Amino acid sequence: MTPTDAPGHDVTTTLDFLLQEVDGLRTRWVAPRRLRVDLPAETLPALLELLKGRAGYVHLSAISCVDWPDDGQFELVYHTWSYELNVLVMAHIRIPRDPGVYLSIYDLYRPAAFFERDIHEMFGLWFEGSPDMGKFILTEWEGPPPMRKEFDGEAWVMEQFGWQEYRPEWLTEIEAKGGGISKRPEQLRGDKGEDGTA
Amino acid sequence: MRPENYQAVSHPPSHEYEVFFGPNHPGIEGNYALKVRLHGDEVTAARADGGYLHRGFEKLMEGRLWIQNIALVPRICVPDPVPMEVCYSLAIEALGGLEVPERAQWIRVMQLELSRIAAHLFTFGGNAATTGMYTPMFWGIADRDLILDLFEELSGGRVYHIYNIPGGVRRDLPEGYLKRVSDTLDYIESRLPDYDNLMFTNQVFVRRATGVGIMTQEQALDWGVTGPNLRATGLPFDVRRDDPYLIYDQLEFDVPVEEAGDAWARTLVRRAELKQSLRILRQVVARLPEIDGPIRAPIPNPLAWNLPLGDVYTRVESSKGELAYYVVSNGGDKPWRVHVRGPSAMHAVQVLEHLVTGARIEDVAQIMFSLDACPPEVDR
Amino acid sequence: MSDIDYKQRGSLLNPLRSLGFFGRPPVTQPLEPRPASINYRGFHLNDWEKCVGCGTCQKVCDNAAISMVHIPDLPADPAKGVRPERPAIDYGRCCWCGLCVDICPTGALALSREYVHTCVDADLSSYFILPDSHGIHGQPYEKGWAKTADADLISLLREPMPELEPEQRIENFDEIVGGYDPQQALLEASRCVQCGMCHDACPTHMHAPQYIRAIWEGKLEEAVGWIYQTNPFAHICGRVCTRRCETACSIGHRGEPIAIRWLKRYAMDAIPHERVKQIAAAGRCETPSGQRVAIVGAGPAGLTCAFDLAKQGHAVTVFEALSQPGGMTRWGIPEYRLPYDRIDRDIDVIQSLGVEIRCNTRIGSDITLEELHQQYDAVLIALGLQMGRGTRIPGSDHPQVRRAVDLLRQATAGEEFGTPQSAVVIGGGNVAMDIARTLARLQRQRFGTAQVTITALEELSHFLADPVEIKEAHEEGITILPARGPREVVVEDGNLVGLATWRVTSIFDEQGRFSPTYDQEDAQIHTAEMVVEAIGQMSDTGLLGDELTERLAWNRGRLQVDSDGRTSEAWLWAAGDMVRGPDVVSAVADGHRVAASIHAALSAAKEQNP
């Protein structure tokens, strides 16, 4: 993306210039008003402080967590918005999956409390300094953090709940003639058929 | 039922009480609980409790094909489902590099604004009911039904439209549809004086809402509040105007604000927004017949559709505020990750707890509803 | 700021304004179910005449609400892609999203405007419904959400195949079809809905859904592996297969079927030959059985059988009368459709498994069947249909009346047969097209211009030839005259000058027997220096020898075999075109069938006599 596609030379220049103050950043304009920043985890607080203090990034839109088990990492994405520049900055960091601990940014952004609590509940990450890591949604859940990739939600459901067995008359009639259900929907889910077709 | 909800606890006689709002439809749109601690009739502490509507949408979406998820997303916010469908579709389109045809974009805006009107009518009704006024609720729901009729004709479904699909929309407008949209707009417009008379100039409501649940602009920004709740503190920010998507930049509309930041200001903002939505819809009805062309970009066979590796954050302005989807593709035929950022996640938890604390018990319901929280957005 | 004066408390009489509501009609709803809107997504309707039981609805259903039900009363027609199965819907799971309607390849499914159903617990089974075109309560309801052209989720159009333009190809034997590039192959493969109709229709039941899926996933070696599970004539079938799979393809009901043949070709061309050999050898038995099999005829049936038996550890020798193996695929199919190097590759793979091929060895003259019987544990004859049939019309004994298969063989061998400046071909099948198009090319090379006419008994719509062949023959300047019956070869002063024909009025009699009748008023003479007969082939069974011919059981001039291809002589099997009629992929299927039979017989013999 060339800077001309971005919201305006002055804004992009402002941001690009400002972000030079933090070391180890890789920035990329992925769309007009969308700036992606990849950076080492330890640099994130400095970046956010800079953005909030100098470019009006007062709005933390969300913190998203992505599980990358093959890389042994969690990706955390901090989506912040400036009501002055009207540009969304998405700051991507990666932290090791084990132990899965990171710093809270609650002292910079109050909404972080909700997102960090949510990520803790769903992915099992721990945010040091977050005000409340208590359960919120999964109050009665004792299993592993369900959004982790190793938790197979579908398998759990299959184990937990049965399929309704229906005996309608039409089916009895067809079975009497030698027919019947040839492929159940559950055969399509997960396991592959005998001949390998999904 | 959760253990703490049914275990009888004997307290020594005191002025301290614990009162549960919810979890069965505590006056807001879905099951949710607010536990407040009272000293006399004053709230001394409050604790929001979610999870009653958790269906694990984000996890479910990881196990379904890109297209299949269109049947899931509207369920994340029942009263205002269209922004969910559009926001998800926008994300897939960005990842897949799909160009949405112009006609489809206009049809989407039409649905989005109809959905906003329906949601606001619903909210007015519920909000009035918190002060014991039930007529606005009956009216609001009856008038909202006329919009649901329009959705039913367009999409075949009254509430879960499942009408937007990555690439555009699933059907073109039925014959004479815009005329019926226009008629419905006329009717709703003709009802606005009735609503003003019944609710917005009604001192019973006005006085019960004024000065209740005050949030300053500084607090709102601090807490990440968006949408009408933010605009009721004087900040004129609207995703439609300031981070435009679809064809909103071709439309004329105002972003109404109020300064007071109380329940009444929030209600007034919604009332003014409803009029702006009518204004937008008038423009859509006028322009749409001129815009020909396909209603959907060509998409591959949904059973064999890989999206390129990448991620995208799309947002739209729902009736509750800034709705965003963060979607990650690992190059496969299903999402690797979908994160739904419901606007209510902000104002239904921290903000609600703060605003309720210090309020009187009779205002708790008013505060809850004036924030227009949608619990399924929080629970997902 | 607000446009209303909400601080104004108004007059005490304000409530009186509400009296106006007495004049407004009340909001009433009838107790009866309201009629649903035109797009309503209610219970399913399924047109059983259109539904082919492909199960695509089941695949797109995100709620696992659809079961496929086998219904024995319904017609089954694998060749046309019709399965006696219909979807049943679990309304305890359905969310009425309508994706099943939008994806249905045939357009059989729709949602109706019926939306009321409820029951007590004991009748819960009423939630599981096998929808047909009547409503779920037997009461007809109009369609609601139904298929529309702009909302179809099936891509009906095929990826276009790059081909040589007529002017680029009419003077040479260059391959016409260019083949897909990776992007095209991926897009074409992505159209497949994995219903498996192709698999059912294919004579050798190729795993087309699996290799198409593998191509879509970019796993081309895996695709080749699937192909070799059922077909060692992989390059050849990737180019000239009669592709019954595509006739059965579910997408073909409303659109262009998946280009299954071209996808196979793509996968085969994409993998290096040496790697293909390794893939083809997978599952090969490493311990020799010590048993020997002789196969007569190195065509698709014989070599497929050789491939299977060699993989099972038997020592296989193939005897071929002509100078190179391949049978009709080499000697009958022109190079512009099937380049010889592709045949060489397929055969090299088969040879790499240890199959020995002895060319220029004619049974009857170089070695007799009786000798093979003595030297080998089992013998297969797969002679093919090498001899052209004649029309036996007056003058057809003239030396300038030729048989198409002979000319094609000579063309492949590069022999001079005296290319005529003008020719008439009798016949409307693929062989007629092949010889006509070959002659036209040779004419252009020699004379700069071509003059070939095809006459056939059938109307154009009933030609046996592949429509693509007919189209391309037209493009190459060949005149096709349908519904013309040959009357006589016109000879003047000993020179052939043309073919006289009549217009055909009917081909079959009332009993359906072949008995053409002609309108004798409508006679024409097509001038030509050569007449080519391309009306069918037969097998050269003379080489069996009188004594063996006497012993074998025959059925109307055809060698009689059991369902596994075994003749009445326990040591002798027969397979391929001579048994099944001309078709490469049927011959391949026959080769597998007969190989299984031979392997079973050999294994049994070994157990009895270790």
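Within chain C, four residues of domain 2 are in contact with six residues of domain 4, where contact requires C-beta atoms, placed from the backbone, to lie within 7 Å. The touching side of domain 2 of chain C is made up of two nonpolar residues, one polar and one charged; here Ala, Val, Leu, Ile, Met, Phe, Trp, Tyr, Cys and Pro count as nonpolar, Asp, Glu, Lys and Arg as charged, and the others, Gly among them, as polar.

The model is predicted, so local features need pLDDT of at least 70 and side-chain atom pairs count only at pLDDT 80 or more, while totals for chains, interfaces and linings use all residues. Residues are numbered from 1 along each chain as its sequence is written, and chains are lettered from A and ligands numbered from 1 in the order in which they are written.

Chain B meets both of its partners described here. Its contact with chain A takes 27 residues from chain A and 28 residues from chain B. On the chain A side, 16 residues are nonpolar, seven polar and four charged, and β3(A) gives the largest share, six residues. Helices (H or I, at least four residues) and strands (E, at least two) are DSSP runs, numbered from the N terminus. Turning to the other partner, 38 residues of chain C are in contact with 33 residues of chain B. The chain C side of this contact holds 19 nonpolar, eleven polar and eight charged residues, with α2(C) supplying the largest share, three residues.

Chain B itself contains 15 helices and eight strands. Its radius of gyration, taken over C-alpha atoms, is 21 Å, which agrees with the value near 21 Å for a compact globule of 380 residues, under the rule of 2.2 Å times the number of residues to the power 0.38. Of these residues, 58% count as buried, meaning that 20 or more other C-beta atoms, placed from the backbone, lie within 10 Å of the residue's own. Helix α14 (residues 361–370) of chain B is mostly covered, with eight of its ten residues buried, including V364(B), I367(B) and F369(B). Just after α14(B), D372(B) adopts a positive phi of about 55°.

Definitions and conventions: Contact = placed C-beta atoms within 7 Å. Buried ≥ 20, exposed ≤ 12 C-beta atoms within 10 Å, placed from the backbone.
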